[in-house]
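Subject: Structure handover

Hello,

Here is the structure for you to look over. My notes follow below it.

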Amino acid sequence: MPRGVQLVAVSKTHPAETILEAYNAGQRAFGENKVQEMVSKFEVLPKDIEWHLIGHLQTNKVKLVVPFVRLIHSVDSLRLLLTIDKEAQKVNRVIDCLLQVHIAREETKFGLSSSELEALLGSTEYANARHVRVVGLMGMASFTDDMETVQAEFQQLRQIFEHVRTQYFAQTATFRELSMGMSHDYPVAIAAGSTMVRVGSKIFGQRNYPPRG
Ligand SMILES: *Cc1c(COP(=O)(O)O)cnc(C)c1O
């Protein structure tokens, strides 16, 4: 990986032994998209693993991850952010979060629009949340081989990121992560300014179900 880009190894569907092999080779950041699966793996694997939650998070599952999660990439509503804040307070942690922005053409993708993003960041509820720290943005490009479309979407997210940083985080250096790029599009994402790529099948091989399933 280029300097300044962190690799999150997406280990979803793969067993703990596979993660341990990558761990023994030096990898520490792993991404999971299902809460239960991440908790089960956390329980049996070395405690210095950084667990990244990259999939959609339901509010009723937040309390299961806040004791140990390193970064939640997929915060897509104020309600979810406030739930994380409330549960993090109970365990006396401050949880780093990324706000997920919708950039793909597909309707089904989770994520905030630019206006929803600004409404969240401008709200008093967010201003009063002391146990969450928004450290950046996350996005997924359209699932297509048309790399011009993918590039345009990543560049759009980069622009939103720069805008948000100057508008809402000018006084701090903590807003600095841009999580974009997966196995098939991470070089395009890095060229567009990604600081964190989430790569699964390129490291661990194919999964038994479609990645966007
Ligand atoms: C599964 C997944 C990835 C990794 O996908 P690959 O194509 O296997 O690299 C990245 N991000 C999210 C949100 C995922 O669900």
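A residue counts as buried under 20% relative accessible area, as exposed over 50%, and as partly exposed in between, with a 1.4 Å probe and protein chains only. By that rule, both F169 and F175 are buried.

Some ground rules. The model is predicted, so local features need pLDDT of at least 70 and side-chain atom pairs count only at pLDDT 80 or more, while totals for chains, interfaces and linings use all residues. Residues are numbered from 1 along each chain as its sequence is written, and side-chain values use heavy atoms, with hydrogens and water left out.

Aromatic pairs

Rings of Phe, Tyr and Trp (the six-membered ring for Trp) pair if their centres lie within 6.5 Å; planes under 30 degrees apart are stacked, over 60 edge-to-face, and the rest tilted. The whole structure holds four aromatic pairs. One of them is F30 with W51, which is tilted: 6.3 Å centre to centre, with 40° between the planes. This pair links distant parts of the chain, 21 residues apart: F30 sits in strand β2 (residues 29–32) and W51 in strand β3 (residues 50–53). Helices (H or I, at least four residues) and strands (E, at least two) are DSSP runs, numbered from the N terminus. F30 is buried because its relative accessibility is 0%. W51 has a relative accessible area of 1%, so W51 is buried too.

Why does the pair F169 and F175 count as stacked? The ring centres are 4.3 Å apart and the planes are at 10°.

The ligand

A ligand oxygen is 2.7 Å from an N or O atom in the K12 side chain. A ligand nitrogen is 2.9 Å from an N or O atom in the R198 side chain. A ligand oxygen is 2.8 Å from a polar backbone atom of G200. Taken alone, the ligand exposes 390 Å², and the protein buries 94% of that. Areas come from the Shrake-Rupley method with a 1.4 Å probe; for residues, only the protein chains shown count as cover.

The loop between β7 and α8

S183 lies in this loop. S183 is buried, at a relative accessible area of 15%. The S183 side chain makes a polar contact with the side chain of S201, at 3.2 Å. A polar contact is a pair of N or O atoms within 3.5 Å; within protein, one must be able to donate a hydrogen and the other to accept it, and residues adjacent in sequence count only if both atoms are side-chain atoms. A polar atom of the S183 side chain also lies 3.0 Å from the backbone nitrogen of K202.

D185 is in the loop as well, between β7 (177–179) and α8. D185 is buried, at 0% relative accessible area. Leaving aside neighbours within four places in sequence, D185 is in contact (heavy atoms within 4.5 Å) with A141, M147, V150 and F154.

Regards
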